[in-house]
Amino acid sequence: MSVPFVGELPRDREDPTMTFRVKAITPIPMNEEGLKHRRAQIPDELIRKGYEVDFVSVKNGPMYADSMYDALLMDAFVFEAGIDSEKEGYDAVIIDTVSDSAMYPLRSRLTIPVVGAGQSAFHFACTLGDKFSIISLWDRWFHFYEQSMYEYGLWPKCASMRAIDFKPDTVGLMGGKEDKLFPQLEELALQCIEEDNADVICLASTTMHEAWGYLSEKLPVPVVNPGLTAFMFAQIFLELGLTHSKHAFPPPLAPIDDVFHSLLADKPNK
Amino acid sequence: MTYLVKVITPIPMDAAALARRRSQLPAKHILPGFEVEYVPALMGGKFGDGYYDGLASEVGIFGAGLKAAEEGCDALGIDTISDSFKAFNALRSRLSIPVVAPGITSYNIACNLGHKFSIITMWDEWFHYYKKSMTQYGLSHRLASMRSIKTRPDLEELLEGKEEVIFKKLEIEAWKAIVDDGADVIVLGSTTMHQSYDYLREHLPVPVINPGLIMWKMIEMYLQLGVTQSKQFYQTPIDPIDDKIFT
């Protein structure tokens with residue numbers, strides 16, 4: 001019987017000299033400095049021997065992810081950045097945003113694993129406790145999590161979403177503002193625990209990863225760091241030869257990859 | 001540093017049977033710095049075929065888990081996709097080392113790979129475990145179906161000597177789950193079915209989750225990240241009576 005797809009990776013997984021390459025796509029256009037801040041969310045000691053991760057930026061897009069307008073643009077540009085990942089020799093793709101922008105379309109186009117920071121973080125939280133709260137820098141990101149809760153059927157597991165009132169720096173992240181922001185996030189998380197009955201805290205954004213260590217030490221509950229969770233899941237999937245179901249995410253009959261590349265413009269004065 | 005993990009089987013068993021359970025974790029899937037030991041439950045139901053057997057295993061796993069933690073380990077695994085639900089909760093409540101189970105892990109990982117999963121199992125008598133898991137873990141809406149090959153399992157011999165017949169029957173039920181029930185991921189309904197994993201992966205067009213193996217990877221992940229179950233939810237007892245429970 002001919003079996004259309006069984007999750008086999010393009011290369012022989014038994015070769016011990018082979019390196020697994022993971023592409024992590026940031027949803028906001030950024031320079032090398034910005035990519036370094038993103039890369040810092042994966043401690044070197046958690047990257048296994050034989051695995052590499054490259055953080056790459058979208059070529060254009062919105063800066064704040066603050067609206068449904070921005071959400072569609074993030075889908076478009078993250079998708080454009082991810083379409084050729086297999087051809088480029090990558091073995092997995094991580095969507096470095098809790099919005100999971102373009103995750104389903106990339107899963108449709110690609111056979112290599114595509115892991116979203118949001119979906120992996122929320123389901124990882126579900127293995128740690130009964131309900132999680134999402135703590136965010138500002139409530140203009142809530143639309144992403146609301147859509148995810150509906151999409152993944154996780155409203156019953158979501159205790160709450162709360163935010164401090166801080167307009168994020170999606171490129172520079174929280175550097176230089178730790179003393180101000182970390183205690184605010186801690187207080188917010190404690191409100192989730194004490195008032196909303198959260199027993200796990202999820203950081204709302206991979207841009208908040210710098211707060212993970214501080215919050216993990218201060219809070220009486222596990223704290224989920226979404227970008228790192230996605231990377232760990234990607235490593236597990238690669239090791240086990242797992243990828244998303246092509247039955248759930250069938251490939252397009254008539255892909256128009258070139259149109260995505262040509263129609264979507266580069267960021268001006270990049 | 002080396003992490004020692006003990007995995008508790010749902011029934012008492014001898015060394016040969018423990019070795020068959022242990023074989024679900026090939027050396028290539030154990031990260032450097034991790035060691036695993038399979039230990040038997042203090043008691044358990046021979047077939048796991050109803051609530052009676054379920055409670056017997058819960059008590060047996062709980063006792064073996066307490067003993068394993070007291071003797072020293074860095075994490076516990078529970079080698080049954082039922083998660084031996086109350087034992088899982090009780091151990092998570094009593095202990096602060098990670099306690100990880102294959103059911104909650106497999107179903108949440110399946111949700112990362114597709115929209116709906118089916119559970120393929122040996123017999124209908126295990127369906128009550130999956131129903132409970134779906135309810136307790138809030139995942140009923142992600143379950144396409146449960147199907148069985150209506151074959152009484154052997155929790156010690158596993159599938160040895162019966163591979164040709166059993167594997168094909170499991171494959172057929174999995175295809176029905178995919179084509180008729182809308183499953184896009186298959187979850188093996190028991191860690192005792194691990195010997196069928198490679199065969200099913202090769203013969204099915206969807207991802208197959210091997211519960212004991214994926215639980216192991218989750219244990220590694222917890223230990224690497226330094227996380228454990230939420231003590232806010234799994235609250236520590238005020239007045240434990242560990243040394244008074246068992247003879």
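How are helix 4 of chain B and helix 8 of chain B oriented to each other? I took this up first, working on a predicted model in which local features need pLDDT of at least 70, side-chain atom pairs count only at pLDDT 80 or more, and totals for chains, interfaces and linings use all residues. Residues are numbered from 1 along each chain as its sequence is written, with chains lettered from A and ligands numbered from 1 in the order in which they are written.

**Entry 1. Helices 4 and 8 of chain B**

I looked up the axes of helix 4 (residues 102–110) and helix 8 (residues 211–225) of chain B, which come within 8 Å and cross at roughly 90°. The two helices are therefore roughly perpendicular to each other. I note the classes used: angles under 35 degrees count as roughly parallel, over 145 as roughly antiparallel, 65 to 115 as roughly perpendicular and the rest as oblique. Axes are lines fitted to C-alpha atoms, for helices over the stretch in contact, and angles run from 0 to 180 degrees between N-to-C directions. Helices (H or I, at least four residues) and strands (E, at least two) are DSSP runs, numbered from the N terminus.

I then listed the residues that make this contact. Helix 4 of chain B contributes B:P102, B:G103, B:T105, B:S106 and B:I109, and helix 8 of chain B contributes B:P211, B:G212, B:I214, B:M215 and B:M218. Contact here requires C-beta atoms, placed from the backbone, within 7 Å. By class, this helix pair brings together 6 nonpolar, 4 polar and no charged residues. Ala, Val, Leu, Ile, Met, Phe, Trp, Tyr, Cys and Pro count as nonpolar, Asp, Glu, Lys and Arg as charged, and the others, Gly among them, as polar.

**Entry 2. Burial**

I checked helix 4 of chain B for burial and found 9 of the 9 residues buried, so the helix is largely enclosed by the rest of the structure. B:I104, B:Y107, B:N108 and B:A110 are among the buried residues. A residue is buried if 20 or more other C-beta atoms lie within 10 Å of its own, exposed if 12 or fewer, and partly exposed in between.

I next looked up B:E164, which lies in helix 6 (residues 163–179) of chain B. B:E164 is exposed, with 9 other C-beta atoms within 10 Å. B:E164 and B:S196 are 32 residues apart in sequence, and their C-alpha atoms are 9.8 Å apart in space.

**Entry 3. The sheet of chain B**

I traced an open sheet of 4 strands in the order 2-1-3-4 in chain B, with parallel pairing. Strands pair if DSSP finds at least two bridges between them. Strand 2 (34–39) and strand 4 (99–100) stand at the edges with a single partner each, so one side of each is left without a neighbour in the sheet.

I went through the pairs in turn. Strand 1 (residues 3–8) of chain B is joined to strand 2 by 6 bridges, and B:V5 stands opposite B:V36 there. Strand 1 and strand 3 of chain B pair over 4 bridges, where B:V5 stands opposite B:A75. Strand 3 and strand 4 of chain B are joined by 2 bridges, with B:G77 opposite B:V100.

Which faces of strand 3 of chain B are covered? Both are: B:A75 and B:G77 on one side and B:L76 and B:I78 on the other are all buried.

**Entry 4. Domains of chain B**

I looked up the domain bounds, which come from an automatic or database domain assignment. For chain B they are domain 1 (3–102 + 213–244) and domain 2 (104–210), with C-alpha centres 21 Å apart. The contact takes 23 residues from domain 1 and 21 residues from domain 2 of chain B. On the domain 1 side, helix 1 (15–22) and helix 8 of chain B are the elements giving two or more residues. Helix 8 of chain B supplies the largest share of that side, 4 residues. That side divides into 13 nonpolar, 5 polar and 5 charged residues.

**Entry 5. Contact between the chains**

I finally looked up the contact of chain A with chain B, which takes 35 residues from chain A and 35 residues from chain B. On the chain A side, helix 4 (117–128) and helix 8 of chain A give two or more residues. Helix 4 of chain A gives the most, with 6 residues. The side of chain A that touches chain B has 20 nonpolar, 11 polar and 4 charged residues.

Terms used: Contact = placed C-beta atoms within 7 Å.
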